Amino acid sequence: MDDRDRIRLDDWEMNPGVQAAVRATWDQVDADTIATSADTGWFRDQVGRLYGWDVPGVDYEVAAETTVPWPASPSSGA
């Protein structure tokens with residue numbers, strides 16, 4: 001992170017050695033080998049957290065209001 005707490009992708013991640021290792025790995029990955037080359041379970045969990053799927057304590061069977069004004073106005077309570 002930089003001095004303004006922004007995540008920077010121009011340090012370790014962009015190091016030529018790291019980039020070469022990533023490129024070499026991607027050259028070996030295809031649909032049949034992705035599960036052994038990457039942590040697909042971790043990735044699925046992270047995407048789920050990002051989009052609100054599989055959140056502990058949430059009952060996904062309960063009906064939810066999906067028709068709300070956008071952008072939500074302060075008086076709507078949304």
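These questions and answers go through the predicted model and the terms used for it.

User: What kind of model is this, and how are residues numbered?
Analyst: The model is predicted; local features need pLDDT of at least 70, side-chain atom pairs count only at pLDDT 80 or more, and totals for chains, interfaces and linings use all residues. Residues are numbered from 1 along each chain as its sequence is written, and side-chain values use heavy atoms, with hydrogens and water left out.

User: How many helices and strands does the chain have?
Analyst: Three helices and zero strands. From the N terminus on, the order is α-α-α. Helices (H or I, at least four residues) and strands (E, at least two) are DSSP runs, numbered from the N terminus.

User: What makes the chain more spread out than a compact globule?
Analyst: The radius of gyration is 20 Å, well over the 12 Å that the globule rule gives for 78 residues, so the chain is more spread out than a compact globule. The radius is taken over C-alpha atoms, and the rule is 2.2 Å times the number of residues to the power 0.38. Along its principal axes, the C-alpha trace spans about 55 × 40 × 20 Å.

User: Why is the contact of Asp-2 and Arg-6 called a salt bridge?
Analyst: The term asks for a side-chain nitrogen of Lys or Arg within 4 Å of a carboxyl oxygen of Asp or Glu. Asp-2 and Arg-6 meet at 2.7 Å, N to O. The pair therefore qualifies as a salt bridge. Asp-2 has a relative accessible area of 16%, so it is buried. Arg-6 has 38%, so it is partly exposed.

User: Which other residues form a salt bridge, and where do they lie?
Analyst: The structure holds two salt bridges. One of them joins Arg-44 to Asp-54, with the closest N and O atoms 3.0 Å apart. This pair links distant parts of the chain: Arg-44 is in helix α3 (residues 40–51), Asp-54 is in the segment after α3, and they are 10 residues apart. Both Arg-44 and Asp-54 are exposed.

User: What makes the phi angles of Asp-5 and Asp-54 worth a look?
Analyst: Asp-5 is not a glycine, yet its phi is positive, about 60°. Asp-54 also has a positive phi, near 55°, and is a residue other than glycine. Asp-5 lies in the segment before α1. Its relative accessibility is 60%, so Asp-5 counts as exposed.

User: Which residues make the nonpolar surface patch?
Analyst: Met-1, Ile-7, Leu-9 and Met-14 make a patch of about 500 Å². Patches are made of residues with over 30% relative accessible area and no salt bridge; nonpolar side chains (Val, Leu, Ile, Met, Phe, Trp, Tyr) are joined within 5 Å, like charges within 9 Å. Leu-9 lies in the segment before α1 (16–28). At 55% relative accessibility, Leu-9 counts as exposed.

User: Why is Trp-12 called exposed?
Analyst: Its relative accessible area is 58%, so Trp-12 is exposed. Trp-12 sits in the segment before α1. Its C-alpha is separated by 22 Å from that of Gln-46, 34 residues apart along the chain.

User: Where do Pro-56 and Glu-61 lie, and are they buried or exposed?
Analyst: Pro-56 lies in the segment after α3. At a relative accessible area of 75%, Pro-56 is exposed. Glu-61 is also in the segment after α3. Glu-61 has 74%, so it is exposed. Glu-61 and Gln-28 are 33 residues apart in sequence and 41 Å apart in space, C-alpha to C-alpha.

User: Which peptide bond is cis?
Analyst: The bond from Trp-70 to Pro-71 is cis, with omega near -5°. Pro-71 is in the segment after α3.

Methods: Areas by Shrake-Rupley, 256 points an atom, 1.4 Å probe, with all protein chains shown as cover. Buried < 20%, exposed > 50% of the residue type's maximum accessible area, 1.4 Å probe, protein only.
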